[in-house]
Amino acid sequence: MTHACNLEGRQRLQTSIGAVLIQLSRFYIHTPRHALHYTHTHVDFRCSKYHPFRVIHPVRYFTSYIERNVRPDGRKFDEHRNIKLNINTIKSAETSALVKYGNTTVICGTKLELAAPKAEDPDSGFLVTNVELVPLCSPKFRPGPPSDHAQVISNVVSEIINNSKFINLKDLCIVSDKLAWVLYCDIVCLDNDGNVVDACITALTASLKTLSLPTVTYDPETEEIKVDTNNRISLKVNGLPVATSFAIFPNCERSILLTDPNTFEEEMCGGNGANITVSWNNGFLCGILKSGGGTLSIEQEKEAIKMAKERTL
Amino acid sequence: MPLDYRRFNGPDDSVSYKRFTPDFLKSYEELLGDLLEKNNLKDEQASDEAQRVFAETDTISQAKGSAYVEIKNTKVVCSVFDPREIPHQNEFSHLGQIYCEVKFAPFSCSSQRRPPAPDAEDKALSEALRQAIEPAVCRHLFPNYQIDVFAYIIENDGSCLAAAINAAGLALTDAAVPMYDLITASSMAILDDKMFVVPNEEEEELAMKSQESKDINHGVITLSMLSELSQITSFIQIGSLETDCVIKAMDILEKECKELVPNIQKVVVRNVIKNVKRQQILHESAKEMEEILDEKYNLWQKSLKAKSYLCFSLSFFSLLA
Amino acid sequence: MAGSLISQSEQVFIVHGVENDFRSDGRSSIDYRPMELETDVVSHASGSARLRLANTDILVGVKTEIDVPKPETPGLGKIEFFVDCSANATPEFEGRGGEQLANTISSTMQRAYYSPQAFNLKQLCIFEGKQCWKLYVDILILECGGNLCDAVSLAVKAALFNTRLPCVKAALMDGGNIDLQLSDDPYDSKQLDIGTAPLLVTLCKIGTKCVVDPSAEEERCSVISLVVGVTGNPNFYQTDDNVIPDIKCKCSTISMNGPGSLSPKTLKSAIEQGITAANCLDNALGDALLREKDEISYLKKHSYGFLK
């Protein structure tokens, strides 16, 4: 019975799209006024995704909102989505954090391992961050080895964390040249609704901030290692890196910056993720990346940097 | 093993620190003793296994259908995408195909970190999941097309295959893929005369690696079934069990699967109600839009008529002049 | 199998026959077709076997290597199964077609050999926590004529029976590392204890009944088959009179193949049927292997020169 019900629903949706299509071919004019009203009241039903106008003509749908100084989901240009954070829900990881930016869901889990440090850098431990965009998070990703886009995201996140000096790798060393911690941070995107980088940084910082290292005793003669899990020391962290991403919508007079873009907005602004990511830590700029999208004037860049900074305060 | 250039790799020889903790060195007997002690405390309040399942649909906004299932500490998300043409195939296939992929998160297991690339266990689970859900789907309705089912195990605390099957069944329902019946799955670990229904990781592990000197029953069974049709879609057993024991376990698991059905049904009903509401809103908005457009159309036509009348009369007058 | 298209009436004929316990080639529901088994066919492998069952042709080679045991199981060796489907085996295996099947078979084998009661990995231990034997079981499917799982498990058991591990002569401790010295004499070797190694029996559901070892036509009439792995009886594999107390056959793995489903009642009866069939099969395999072993040792004693 349930399937029947569901199926019927989809079919009915199609017929209504058909009807509107006919109407539109007659007219080609549309006022988004009432559509706006409808998304505002029923935004939690995610109806906007199935909105006939959006399905038929996504660009015009998008621009007609932008012209009226509002985004399709009812936000202002500089408004963020709600952020939800859930810490240490996963028992099998050392620490974990689940972060939701609207629909975007990201989970970071850390694993602690021991290894000998690198010969060229005997006093440092390891911090290995990987971002995995698994195929279940979006129809854009296919199973198999990580795509170019996934590798870029992984690189960006790891760069931001390394540049921000959030963690001093020297703190991860136990015995010089003999033993050091290896901190594996695996970030998994479960639902990709735009702005993955910001969510990844939030998840990563949250799980590293709650991390504590067990005490290790190392006998240099017998090379015996003993770990005491009851006696833990929390990991020293420096500041709190925050990344803020914007999509740049190329408008005729002036490009428009959209804070915290969702997938639809990212697509409308050139695809492949957010266009500019600015990250701050402790009042220092620790990363800025502009990729694709519209062009940006210097004032706007400054504005973006300022907006990102305000967010960290 | 070849180096994975697409990811960041840690040092090759890193080992989990848990190997150096006193717990790691415990022998099999000690572990078993611990477990039994713990269970004795727990079994005071006999718990209903079916109640421990938490399920939810529509967790992933980008997917056609998705579900999240939690059994004990095991957490699985599953998403289903639109059918697409079967890639790399020139022959026409009369039945649709189902492609399954099960993946463990690198941090999902409490011991060692899992490598991010799929290993043998991932592949075996993917195959088992496909076997379990294939009989439930009306595959003749989408010939030459393939439905992708992705399951991701966020945390593994035993019975992860059962959780993945339950999640996949719900996700398929959410995606409105026609199916014959709701699919439910349950698993059991057996150690000697003890049977752990829906085992956790500890119980599963102990049941799997029994001491070879003793000739006892040990093993893990996962069973999935279509309860309404009373058909078993998959039955997977590992270990060493006597026939009587297998049959006894089967009866219990069958009952367990049946008890799970109302829970799953509740989730599905909730999902349907939500969809119906969403649809009503869409319908209303479409109607509203049509009205507005109609209004405009009439207005335009009226003005056109007026204009053409004007033009006509103008030209008429000019002719006269 | 593809290619053997059969008509509706032929299908009905087969289904009705099976219902009344008659099969078109005169076998009963737990009878196998005749097989040919040959051991010691690959000279470079530690053990090998080749099995032909009707059209199915399988070659198994066992390779041994010294490895470090897993830290969580210091006293156990390792065994791994690799299945390779030759592209010539059946037209379906062209390209990557055989990969899925190969995966299924290797994971079924891995599961069947998992329990220490089925195959004791302790016998592969050389030095606890430091060194152990790792067996690579390479399974090559040369021709596919149905009923692959059963044939593979028989061939693997035969190849393991044929496997000789060289004896360790001496071990030198060298600052935590161990230097092993293996015996040079090829006859100074030990045999594996494979009496309990499991055999897989595929039960094909036709109508409401199950049959073992289906022919290609019978396979077309069925949508689901059950694979039951049953541990062997060590008594079948030794000639000496010191009889080990009979161990009851146990299920080491059960799984299902194919797009269909089974009712609980059929499943139960199928498992029992599978165990009976496996027992007969195990007995026959033991006899054949012992006979083969005698012949080989006879040949080796009395033959000289490269032509044997």
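Axes are lines fitted to C-alpha atoms, for helices over the stretch in contact, and angles run from 0 to 180 degrees between N-to-C directions. The model is a predicted one, in which local features need pLDDT of at least 70 and side-chain atom pairs count only at pLDDT 80 or more, while totals for chains, interfaces and linings use all residues. Residues are numbered from 1 along each chain as its sequence is written, and chains are lettered from A and ligands numbered from 1 in the order in which they are written.

Two strands are taken to pair if DSSP finds at least two bridges between them. Strand 11 (residues 276-281) of chain A is joined to strand 12 of chain A by 6 bridges in the antiparallel sense, and A:Trp280 stands opposite A:Leu285 in strand 12 of chain A.

The two helices also pack on each other. Helix 5 (residues 148-163) and helix 6 (residues 196-209) of chain A meet at an angle of about 45°, with their axes 10 Å apart. That angle makes helix 5 of chain A oblique to helix 6 of chain A; angles under 35 degrees count as roughly parallel, over 145 as roughly antiparallel, 65 to 115 as roughly perpendicular and the rest as oblique. Their crossing is right-handed, a crossing being left-handed if the near helix is turned anticlockwise from the far one by less than a right angle, and right-handed if clockwise. Among the residues that make the contact are A:Ile153 and A:Val157 of helix 5 of chain A and A:Cys200 and A:Leu204 of helix 6 of chain A. Residues are in contact if their C-beta atoms, placed from the backbone, lie within 7 Å. By class, this helix contact has 10 nonpolar, no polar and no charged residues. In this scheme Ala, Val, Leu, Ile, Met, Phe, Trp, Tyr, Cys and Pro count as nonpolar, Asp, Glu, Lys and Arg as charged, and the others, Gly among them, as polar.

A helix pair in chain B can be described in the same terms. Helix 2 (residues 120-133) and helix 3 (residues 160-174) of chain B pack at an angle of about 50°, with their axes 10 Å apart. Helix 2 of chain B and helix 3 of chain B are therefore oblique to each other, and they pass in a right-handed crossing. The contact includes B:Leu125 and B:Leu129 of helix 2 of chain B, and B:Ile165 and B:Gly169 of helix 3 of chain B. Its residues comprise 10 nonpolar, 1 polar and no charged.

Turning to the chain contacts, 58 residues of chain B touch 69 residues of chain A. On the chain B side, helix 5 of chain B gives the largest share, 19 residues. This side has 30 nonpolar, 16 polar and 12 charged residues. Strand 3 (residues 104-115) of chain A and strand 1 of chain B run antiparallel and are joined by 2 bridges, with B:Ser16 as the bridge partner of A:Glu113.

Strand 11 (residues 231-241) of chain B pairs with strand 14 of chain C over 3 bridges in the antiparallel sense, and B:Ile238 has C:Thr253 as its bridge partner.

How values were computed:
Helix = DSSP H or I, 4+ residues; strand = E, 2+ residues; numbered from the N terminus. Contact = placed C-beta atoms within 7 Å.
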